[in-house]
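Hi everyone, thanks for making the time. Please take a look at the structure on the screen, and I'll walk you through a few parts of it.

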Amino acid sequence: MSPKVTEIASDLFRISTFHPEFAIQFNQFLIADDEPFLMHTGMKKMFASTLEGVSSIIDPAKLRWIGFSHFESDECGALNEWLKIAPRAEAVCSFVGATVTVNDFADRPARALADGERLSLGRRSLQFLATPHVPHGWDAGLFFETTERTLLCSDLLFQPADPEPWTESDVLGRARESIRQNLSGPLANDMPYTLYTDATLSRLAELNPQTLAIMHGSTFRGNGREQILGLASALKELIGASET
């Protein structure tokens with residue numbers, strides 16, 4: 001499986017591998033800066049594909065930071081493979097993530113980030129946002145690139161199949177249909193609706209992101225606030241109503 005590499009914003013690259021068994025894309029995002037940052041490691045078994053994509057942009061040994069939302073194979077399954085080839089690389093995640101899982105799993109300790117903490121990459125900086133149970137897991141968090149206002153979304157706005165690398169058209173419709181279809185079946189209940197869901201999504205919307213770097217599906221360019229608020233409404237209608 002060879003990846004498709006697309007520059008979706010200045011020095012921000014989307015590395016996408018379509019996995020026919022799952023019938024979805026697995027997307028990683030690399031910010032090429034003084035201290036390069038990779039969002040999502042990809043699964044351990046997909047490491048070669050991700051490595052190929054990163055190597056087409058930078059020397060992978062120079063990778064400095066490895067971010068992910070929550071402890072799951074497509075988020076950080078290949079973390080130790082990256083730590084082996086990038087001697088200065090450190091994982092960055094929530095305090096809960098580092099304490100509960102990552103520091104036991106990883107070959108080197110993670111750097112735990114506080115909610116709102118900034119991580120300087122050189123020309124760019126990232127703001128870490130603690131988002132428990134959004135999209136999944138107690139340990140969840142997201143990263144916001146503050147210069148070009150890119151939100152690294154993890155599983156939010158999930159779109160199945162192998163769509164285009166980026167779009168300025170609505171992605172909410174695809175995401176809403178995916179949520180509706182996933183209300184039953186063996187992989188149902190992937191995204192909980194909690195007391196914090198609406199407030200967390202509202203906080204993300206208030207960042208006014210101009211690019212939504214989505215882990216499964218097309219990157220969205222445009223009014224990210226509108227897309228996130230639409231997602232909040234869809235989750236409340238399709239999941240929240242059934243859990244109240």
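This is a predicted model: local features need pLDDT of at least 70, side-chain atom pairs count only at pLDDT 80 or more; totals for chains, interfaces and linings use all residues.

**A walk through strands and salt bridges**

Ser154 belongs to strand 11, which covers residues 150-154. Strand 11 and strand 13, residues 211-214, run parallel and are joined by four bridges. Strand 11 also pairs with strand 10, residues 141-145, here in the antiparallel sense and over three bridges. In that pairing, Phe143 stands opposite Leu152. If you follow the chain through the hairpin of strand 10 and strand 11, you pass four residues between the strands.

Now let's turn to charges. Side chains of opposite charge can pair when their charged atoms come close. This structure holds 14 salt bridges, and I'd like to show you a few.

Arg123 forms a salt bridge with Asp33, with 3.3 Å between the closest N and O atoms. Why does this pair tie together parts that are 90 residues apart in sequence? Because Arg123 lies in the loop between strand 8 (118-120) and strand 9 (125-130), while Asp33 lies in the loop between strand 3 (24-31) and strand 4 (37-39).

Arg123 also meets the side chain of Asp34 in a salt bridge, at 3.5 Å from N to O. This pair, too, links distant parts of the chain, with Arg123 in the loop between strand 8 and strand 9 and Asp34 in the loop between strand 3 and strand 4, 89 residues apart.

Are these two aspartates buried or exposed? Asp33 has 9% relative accessibility, so Asp33 counts as buried. Asp34 has 56% relative accessibility and therefore counts as exposed.

Glu145 pairs with Arg124, and their closest N and O atoms are 3.7 Å apart. Glu145 lies in strand 10 and Arg124 in the loop between strand 8 and strand 9, so this pair ties together parts that are 21 residues apart in sequence. Glu145 is buried, with a relative accessible area of 2%. Arg124 is buried as well, with a relative accessible area of 11%. Elsewhere, salt bridges that share partners join Asp11, Asp33, Asp34 and Arg123 into one network.

Seven strands form an open sheet in the order 1-2-3-4-5-6-7, with mixed pairing. Which strands are at the edges? They are strand 1 (4-9) and strand 7 (111-113), each pairing on one side only. Neighbouring strands of this sheet are turned by 25° against each other on average, direction ignored. Within the sheet, strand 3 and strand 4 pair in the antiparallel sense over three bridges, and Phe29 stands opposite Met39 in strand 4.

Helix 1, residues 47-55, lies across strand 1, strand 2 (12-19), strand 3 and strand 4, and runs at about 150° to strand 2. Helix 4, residues 95-105, lies across strand 6 (90-94) and strand 7, running at about 115° to strand 6.

Key:
Residues are numbered from 1 along each chain as its sequence is written. Side-chain values use heavy atoms; hydrogens and water are left out. Buried means under 20% relative accessible area, exposed over 50%, partly exposed in between (1.4 Å probe, protein chains only). Helices (H or I, at least four residues) and strands (E, at least two) are DSSP runs, numbered from the N terminus. Two strands pair if DSSP finds at least two bridges between them. A salt bridge is a side-chain nitrogen of Lys or Arg within 4 Å of a carboxyl oxygen of Asp or Glu. Axes are lines fitted to C-alpha atoms, for helices over the stretch in contact, and angles run from 0 to 180 degrees between N-to-C directions. Contact means heavy atoms within 4.5 Å.
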